[in-house]
Every structure is written in structure tokens, then in C-alpha cells.
Amino acid sequence: MKKTSTRLADGRELIYYDARDDAVRDAVDRRPLDPTVTTSEIRRDPLLGDSVAIASHRQGRTYHPPANECPLCPSSGDRLSEIPDSSYDVAVFENRFPSLAGDSGRCEVVCFTSDHDASFADLTEEQAGLVLDAWTDRTAELSHLPSVEQVFCFENRGAEIGVTLGHPHGQIYAYPFTTPRTALMLRSLAAHKEATGGENLFDDVVARELSDGDRIVLDADHWVAFVPYAAHWPYEVHLYPKRRVADLLALDDAARTEFPQVYLELLRRFDRIFDGRDGGKDGAGEPPTPYIAAWHQAPFGTLEEFEGVSRDDFALHLELFTIRRTSGKLKFLAGSESGMNVFINDVPPETAAQRLREVASS
């Protein structure tokens, strides 16, 4: 992998990640951009104890542009984009409309490929491996920023999710605090460790799923994917390396090598689950399955409030889920989910796992 760092016209950082060592990235951003102005502010909710990012400048962000005006495609002739070069393998740049900025953290955009009409599932294993390298490198770099406590790599796919740019891309949020969801996991981890005399909750969850077998979707040499026992979403898969590590940086070579094969297969299965065999309408005309793919990594800040827990106790994992519950129907977060955070799942996890096994490539 070759990494080339440069600057866009308004001073934001842009990083190219290339599979070839001889790639030259010297194109200059020719757009007449004014310096980026952000108004990000973190406010803490005194009742719930969580934090909210107030970012009013995002109201003016790019919204569903036509394909020939996509800001994530390579620049071509007089059509100038966020990527000055005429091609790229993987590109990462500071978001022009960030939710977090300055002392409130940092937001980056990760472009998986220059092909506007592709998706992550269309990547080759080599390309997917390069994205993993980019996620890992950005996690390492962002963790050193004084304002950053946790790094979150994720992809939103599909207009139903709220994606405003159709080009295959993801994002990285570098938070100045430990996120509420991670804090919940750490509290559960600490309680389980105390109750069991030192057992690791993540290890026990993975061991239970492997033992039960009913919810296993894919069992590889170095990774295991399963629908969790109490899945929140109609189709939800958690992907764990079999050797517990705290973050992407700690993955060994064997796990890194196998990851593209395993992850691409999961994504392709997600694109096949709504093809009419689930009792819904014929899925031939269905748009690609909308999903969120979220990496969970241990925070880089102190964990003093979670007594008895260290970073090494946390387990890196990816959570992949869709809001589509059947062909043509979405799972909406209504009163119970949005008002009280109590999810109601219409699809039994065992049924979801069976369906995801049925649509395997071979």
C-alpha cells in the first residue's frame, strides 16, 4: 500500500491509498473554495448523560446531486470534485460539512472506489483489503489527535438509510468522548467480569453462538459471523475475529488476509435476501439492500469509570444490519424504539440466520 497525503483548495486534508507503490498523486485542487467554516458544538444531556453534536452548518451540505455532478467521482476536465486526480483506488478526505470538527473531533469521508455505479460488494478482495488498510491507518492517525477518544468507521448504504450521495463511500467519526453505545458495552463487560470472577463477556457471547449454531451465518478460519440472540433489526449480523483484539490495529496478518473474502460474502448475501423467496413481492425490481455497517473499537481514552475493565477486554467487531424487513417494507423506529429505546423485531434471529445461510454463494 502507498499512502499520499495532500491538501484540498480550502486546506482540508486528502489522502490517497494506492495498491501500487509507483502511483503518483500530484494533481492540484483547482476549485476556488473558501475556507471551511464549521459550527460544531457538543452539548451534554443532563438527564440521559449522553452527548449531542449541534452542527447547523450541515443544513447546506450537498444533497442528491446528479451522477455527472458527484463530488466523490474523480475530477475530469472542467468537472472538478473533491478528488483532484483523474482516478484513485481509495481516497479519504476531511468532510466539508462535518458533524464534528476542531475540539469537537473530526469527520472524514472514505471513497471505496472511483466507480460511481459500484458498491462495496462489487469490490475485488484486493480492493476490499485496501479499504481495510485505510480504515486501520486512519484509526491510528486519528487516535493521536488530542481531541479524539474514540474512532468509528462505518458505511451507510441506500437512500432509505438517509444517504445523500450515491457514490460508494463510508465515513469515519473521531469522537471527543466514548459513545453511549460503547459505554453500555463497557458497563455490561465490567458487570459480567465481576459476576463471573473474571470471564470476558465478548468471549462468552461468541462461544455461545458457536456452541448453539442456530444463528451462525458464516464460520471461517479467523472470523465468525452470526445473528445475535437478541437482534434489534430484521436482518442483523455481527462479525468477530476469532482472536479477540481491541481495535483494527491489533488484527494479525491471517485475520487481515481473510477479512475481504468473509466481508464481501456477507455483503453479497445481504443483496440476495430480498429476492422474492421471503414471502414478499417479487424482488427482481428491488433497489439494493439498504444497510449500515459499523465497526466497534475500544476507546483510546481512559476507562477509569468502568471499574476492572481495560482496553484489551474489549472485542473489535463489525455490526451489519438493514432496515428492510421484507421485500418492499422497511422497519421504522416508531414509538417504542424512538421513544423508549425498546426494539421490537419482526423477524426471529434464527429465521434471519437461516435465510442468510440459504443465499450463500456456494
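Modeller: Let's start with a term: two strands count as paired when DSSP finds at least two bridges between them. Keep in mind that this is a predicted model.

Colleague: Thanks! Which residue is the bridge partner of Arg44 in E4?

Modeller: Ser51 is the partner of Arg44. In general, strands of a sheet pair through backbone hydrogen bonds, either parallel or antiparallel. Here strand E3 (residues 41-44) and strand E4 (residues 51-54) pair in the antiparallel sense, over four bridges. Their hairpin has six residues between the strands, and Gly49 there takes a positive phi near 80 degrees.

Colleague: Now the open sheet. What is the order of its eleven strands?

Modeller: The order reads E1-E2-E5-E6-E8-E7-E12-E13-E11-E10-E9, and the pairing is antiparallel. Strand E1 (2-7) and strand E9 (216-219) are the edges, each pairing on one side only. From one strand to the next, the twist averages 20 degrees. At one end, six bridges join E1 to strand E2 (residues 13-18), and Thr4 stands opposite Tyr16 in E2.

Colleague: And how should I think about the two faces of a sheet?

Modeller: In a regular strand the side chains alternate between the two faces. Helix H3 (residues 201-212) touches E9, strand E10 (223-226), strand E11 (235-241) and strand E13 (317-322), and its direction makes about 75 degrees with that of E10. H4 lies across several strands, including strand E7 (150-157) and strand E12 (291-296), and runs at about 175 degrees to E11.

Colleague: At what angle do H1 and H4 pack?

Modeller: Helix H1 (residues 125-143) and helix H4 (residues 253-270) pack at about 115 degrees, with axes 9 Å apart. The crossing is right-handed. Among the residues making the contact are Leu132 and Trp135 of H1, and Phe259 and Tyr263 of H4. The contact residues divide into seven nonpolar, three polar and three charged.

Colleague: Last one, the domains. What area is buried between domain 1 and domain 2?

Modeller: The size of an interface is often given as the accessible area lost when the parts come together. Here about 2,600 Å² is buried between the domains, and carbon and sulfur atoms give 62% of that. In domain 1, Leu132, Arg157 and Glu160 lose the most area to domain 2, together 24% of what that side buries. For orientation, domain 1 covers 2-175 and domain 2 covers 180-359. Their centres, taken over C-alpha atoms, are 24 Å apart, and 28 residues of domain 1 are in contact with 29 residues of domain 2.

Notes. Residues are numbered from 1 along each chain as its sequence is written. This is a predicted model: local features need pLDDT of at least 70, side-chain atom pairs count only at pLDDT 80 or more; totals for chains, interfaces and linings use all residues. Side-chain values use heavy atoms; hydrogens and water are left out. Axes are lines fitted to C-alpha atoms, for helices over the stretch in contact, and angles run from 0 to 180 degrees between N-to-C directions. Helices (H or I, at least four residues) and strands (E, at least two) are DSSP runs, numbered from the N terminus. A crossing is left-handed if the near helix is turned anticlockwise from the far one by less than a right angle, and right-handed if clockwise. Contact means heavy atoms within 4.5 Å. Ala, Val, Leu, Ile, Met, Phe, Trp, Tyr, Cys and Pro count as nonpolar, Asp, Glu, Lys and Arg as charged, and the others, Gly among them, as polar. Domain bounds come from an automatic or database domain assignment. Buried area is the accessible area (1.4 Å probe) that two parts lose on being put together, summed over both.
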